[in-house]
2 protein chains.
Amino acid sequence: VVTLLAELISIGTELLLGEIIDSNAAFLAQQLKARGVALHWKTVVGDNLGRACEALERALGRADLVIVGGGLGPTDDDLTREAIAAVVGETPVIDEGYLAQLRAFFESRGRHMPAQNSKQAWLLPSSEALANPIGTAPGWLVRPASHPGKMIVALPGPPTEMKRMWREQLLGRIAWPVAGFYSRTLRTIAIGESHVTELLGALTQAANPSVATYARRDGVHVRIAASAPSQDLASVLAAPVIEQVEASLSRYIYGYDDDSLAQVVGNLLKANTQSVAAIESLTGGLLLDELTGIAGASAYVVGGAVTYTDQMKVQFGVNPATIAAHGAISRETALEMAEAARSRFGSTWGLATTGVAGPDPSEGKAVGTVYIAIAGPMGSHASELKLIGERRTIKERTVFALLGLLWRNLRGEAQ
Amino acid sequence: VVTLLAELISIGTELLLGEIIDSNAAFLAQQLKARGVALHWKTVVGDNLGRACEALERALGRADLVIVGGGLGPTDDDLTREAIAAVVGETPVIDEGYLAQLRAFFESRGRHMPAQNSKQAWLLPSSEALANPIGTAPGWLVRPASHPGKMIVALPGPPTEMKRMWREQLLGRIAWPVAGFYSRTLRTIAIGESHVTELLGALTQAANPSVATYARRDGVHVRIAASAPSQDLASVLAAPVIEQVEASLSRYIYGYDDDSLAQVVGNLLKANTQSVAAIESLTGGLLLDELTGIAGASAYVVGGAVTYTDQMKVQFGVNPATIAAHGAISRETALEMAEAARSRFGSTWGLATTGVAGPDPSEGKAVGTVYIAIAGPMGSHASELKLIGERRTIKERTVFALLGLLWRNLRGEAQ
């Protein structure tokens, strides 16, 4: 089995000042994972030659492939080339062919090449240039004589330049391990992370396949990942574990990998030629926004209303006596709102939310007290939730809890 | 001058798999910089005890303040407490007081505390707990006897929990260096980044104070930052530049620093005892969600409707002849929707959106064709937008364009 261990180094003082978020790292991590490359460390350093060299040396000591992002610009701050040259003990030389290209690049844009840009035409005896058709900084692939078997890749910082260079220049130049990696994410709703872990028991302790849980705003995700000499074998290795997780959590799993709850619900509505409408109080439009975020949602989302005042709730069909007796934040009001959504908008399903998003209590009810309701062909039903978090979190959790309720109803499960 | 050198460690395999982007690091970096703390290194490791310990040890060797993010959950994957305990050579003990709080936290939400959560009540002899009012994981501030003069801070991974703990629990516990730094962000709407840069001219080329522009979903932000021996001096240095920027961009500036457009608009509505309602098609609830995202929004948001079908638009007051003559995606329909929002919901202002979010054209109109409209005491007005981007981007830009239009109307400016 060929194994390859990679390490990422991002160079740029702007990263350490919080001026930009390093989104390149997520792209590179995903690319490496998909090619069976393990990644144990990522380091960020500023535009400082000493620290860049220190990070490079340490990375070369523990990884086979060191990927350096940023620091390839023409200014004195851009020190990636200098750091690599120092660590591998080589002297940069100007590549006359690339220098001519660089001059032509500037001239084609009606500009004269500043003298400092000539360092972008540097090469090392052990490096090859990775062309950058959309910027001035070429990348480097270095196979240093000083560190036999190791590779250093230098990529530009701007994401569009980096991604294009990665795909067009680098992928074909490296012998990636047989991609003996397989992973699948199971997405659950209406169950907490601790309960998921309890149901999974010893499964989460195995190393290969590994089973990990992640609490996300749209529910708990469970990720099964396996490594093996080939991707087929990894998938064979993962299959029985995936089946066990599915068996343990079946009634909570709404989708796989990139499925979203709104998309899954939308597909079921479309398949049943059914429709949905909502009357929102607490969530203030977020539920309808989530439902209409799916391309083609107009086929099954009729519409809805945001009723932020008692008067508006009554105007849309809630009995004023219900609000007087139980309050606007109550199971009874939620139920009437859901029924009103269904009848006013003429949809198969009516959804409703009411509750206290905070920061202050309302009607003597605590922040996080939420009622969600669903009305459908078989009747209507409301649930109380006790949610934790800030205003935004409470709105989000309510939306996903209610979409989960709709999903279970669409599958014909008991409420 | 007191100097303080910090180092960041993020712990989480999901970061090394590219599943999430580490946005916490940018927040922490900004906070440190504003307090005069230097940051030279940031390291990311997976959920691996050995590597977490190695990263911690190295960081303690070269920094005064080591901030560890993530890994404070209740599961076996969450190893931050274990790693800190190992590196400082102390044994965790359960804090009975916190354990009781944790149990009460679960019970108040009608749930039983899973056994594994008890490790969230761990403390070390040299650690104090940082309370987490919106989650189960408290943070730690460790002043280890093994490393005199050094501090380790452990913060939870979820950004809302981390930021609140940072502000409310940590800031007051650490003696920060004299903060000779001052920055102010001016937030603009209804003007593009290149136009902003043009109006600012040579201002963006100075180093101290520096002036930088950032294109954000809610408009272009302009950040003025100054460094000086003290914060007062830095603020004095920045003041004339801020005034120049304000003079250049005055009619586009809606707020400062963390002001949001929805908050600014909400404040104006409250000050005028006015109200707003909306009928949304294209934006599908996102406009109302943004308006109701502000605490206290119920004082001025009456409500609104999402009308995703022609029939629903008519039911809410659009003349069917208008749709027949001009289409649902038209200036005329948008105008009638805004007027209907105002009259149906009895609000001072009525807002409306209609358009093509994509991915496919509609009514023969291209993706990104959008009409926004506003109806108010002085009449009504609609604008056409031609937006670029994906479905979500088009929805977001439409919302902020319309909030910008409402803001200008609330300030009494010509439409």
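Predicted model: local features only at pLDDT ≥ 70, side-chain atom pairs only at ≥ 80, totals over all residues.
Trainee: What radius of gyration does chain A have, next to a compact globule of 415 residues?

Mentor: Chain A has 28 Å, whereas such a globule would have a value near 22 Å. The radius is taken over C-alpha atoms, and the globule rule is 2.2 Å times the number of residues to the power 0.38. Residues are numbered from 1 along each chain as its sequence is written, with chains lettered from A and ligands numbered from 1 in the order in which they are written.

Trainee: What does the C-alpha trace span along its principal axes?

Mentor: For chain A, about 85 × 55 × 40 Å.

Trainee: How many of the residues in chain A are buried?

Mentor: Of its 415 residues, 56% count as buried, meaning under 20% relative accessible area with a 1.4 Å probe, protein chains only.

Trainee: Switching to chain B: how many residues of chain A are in contact with it?

Mentor: 73 residues of chain A are in contact (heavy atoms within 4.5 Å) with 71 residues of chain B.

Trainee: And what area do the two chains bury between them?

Mentor: About 5600 Å², with 56% of it on carbon and sulfur atoms. That is the accessible area (1.4 Å probe) that two parts lose on being put together, summed over both.

Trainee: Which three residues of chain A supply more of its share than any other three?

Mentor: Trp41(A), Tyr308(A) and Ile388(A), which supply 12% of the area that chain A buries against chain B.

Definitions and conventions
Heavy atoms only, no water. Buried < 20%, exposed > 50% of the residue type's maximum accessible area, 1.4 Å probe, protein only.
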